[in-house]
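This report takes the protein shown below part by part, beginning with the terms it relies on.

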Amino acid sequence: MAASHPAPHPGPLPQAGRGGVAGKAELRARLRQARSKVSSAEAEEAARAVADRALALTLQKLETPAPVALYAPLPGELDSFPLLAALARIGYLTLLPVAGEKATPLTFRQWRPGAPLVAGRFGLREPSASAPEMRPEILFLPLLGFDAEGARLGFGGGYYDATLDRLRAKGLTAAIGLGFSCQQAEKIPSESHDQKLDFVITEKGLFDFTDPSCVFSSSAT
């Protein structure tokens, strides 16, 4: 039987009428609506497809197992746990974020499937305070939207922009957004502090923003 994927959409959502903060707020509402149309079955299938592509990319970027950060998904976000489980099975140190004050860098603590999670800020699930803190070599992050230039739209807390700024200064190998194809926008309004992504992986393929021509691949690896 052919794999099911989220229903096709007419293409990237057109740019919001306004720029800056107002434009982002308008686009967030539209992207949430688009994402809400993904069924549970489609979301599960998408998570598996994304995990396959993301695992292949990780093996390409890191020759030996190293710390890799993912995220505990909020409702509606693409589930990163199939990828996390696959990485943990082959020896990667899998990390989840811990949030502090708004617009400050996230910290990352080790977490493996089956370990406890505790309630953090904004309903986030986080590793316990006793879990070892580590710096990731690769960061997989959630998104509300993205565009063909690698711009990312989140929820506006500024956590990942601050985090990427710090990690890139310390030699982060790659920042990789995970999401559904319906979350692609024509243009994400950008501000000076916004950090762009190196890659985005959806159920339909992989966007490589490290290539000047922005290569898109729909192959599984």
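## Terms and overall make-up

A residue is called buried under 20% relative accessible area, exposed over 50% and partly exposed in between, with a 1.4 Å probe and protein chains only. Helices (H or I, at least four residues) and strands (E, at least two) are DSSP runs, numbered from the N terminus. This is a predicted model, in which local features need pLDDT of at least 70 and side-chain atom pairs count only at pLDDT 80 or more, while totals for chains, interfaces and linings use all residues. Residues are numbered from 1 along each chain as its sequence is written, and side-chain values use heavy atoms, with hydrogens and water left out.

The protein has four helices and 12 strands, and 49% of its 221 residues count as buried. Among the contacts (heavy atoms within 4.5 Å) with a separation of 6 or more, 69% are between residues 24 or more positions apart.

In helix 4 (159–169), the buried residues are Y159, Y160, D161, A162, T163, L164 and L167, and they pack against strand 2, strand 3 (107–110), strand 6, strand 8 and strand 9. Just after helix 4 comes G171, which takes a positive phi of about 95°.

Helix 3 (81–89) has L83, L84, A86, L87 and A88 buried. These buried residues pack against helix 2, strand 1, strand 2, strand 6 (138–142) and strand 9 (174–178), and helix 3 is followed by G91, whose phi is positive, near 100°. In the loop between strand 1 and helix 3 lies S80, which is buried with a relative accessible area of 1% and which touches L70, Y71, P73 and L178, not counting residues up to four places away in sequence.

## Strands 1 and 2

Strand 1 (residues 67–69) pairs with strand 2 in the parallel sense over three bridges, where pairing requires that DSSP finds at least two bridges between the strands. Within this pair, P67 stands opposite L93 in strand 2. Five of the six residues of strand 2 (residues 93–98) are buried, so strand 2 is largely enclosed by the rest of the structure.

## Nonpolar cores

A nonpolar core is a set of buried Ala, Val, Leu, Ile, Met, Phe, Trp, Tyr and Cys residues joined through side-chain atoms within 4.5 Å. The largest one has 48 residues, and those with the most contacts inside it are L139, F140, I176 and L178. Its largest share, five residues, comes from helix 2 (residues 40–61). A second, separate core of seven residues includes L27, A151, A185 and I188.

Leaving aside residues up to four places away in sequence, L139 touches A69, F108, Y160, T163, L164, L167, L172, A174, A175 and I176.

## The largest pocket

A pocket is an open set of points on a 1 Å grid over the protein atoms alone, where a 1.4 Å probe fits, with protein on both sides within 12 Å along at least five of seven lines; lining residues have an atom within 4 Å of a point. The largest pocket holds about 650 Å³ of space, the volume being that filled by probe spheres set on the points, which are joined across faces, edges and corners. Of its 29 lining residues, F155, G156, G157, G158 and Y159 are the closest to its centre.

Helix 1 (20–35), strand 5 (125–127), strand 8 (152–153) and helix 4 are the elements that give two or more residues to this lining, and the largest share, four residues, comes from helix 4. The lining divides into 14 nonpolar, six polar and nine charged residues, where Ala, Val, Leu, Ile, Met, Phe, Trp, Tyr, Cys and Pro count as nonpolar, Asp, Glu, Lys and Arg as charged, and the others, Gly among them, as polar.
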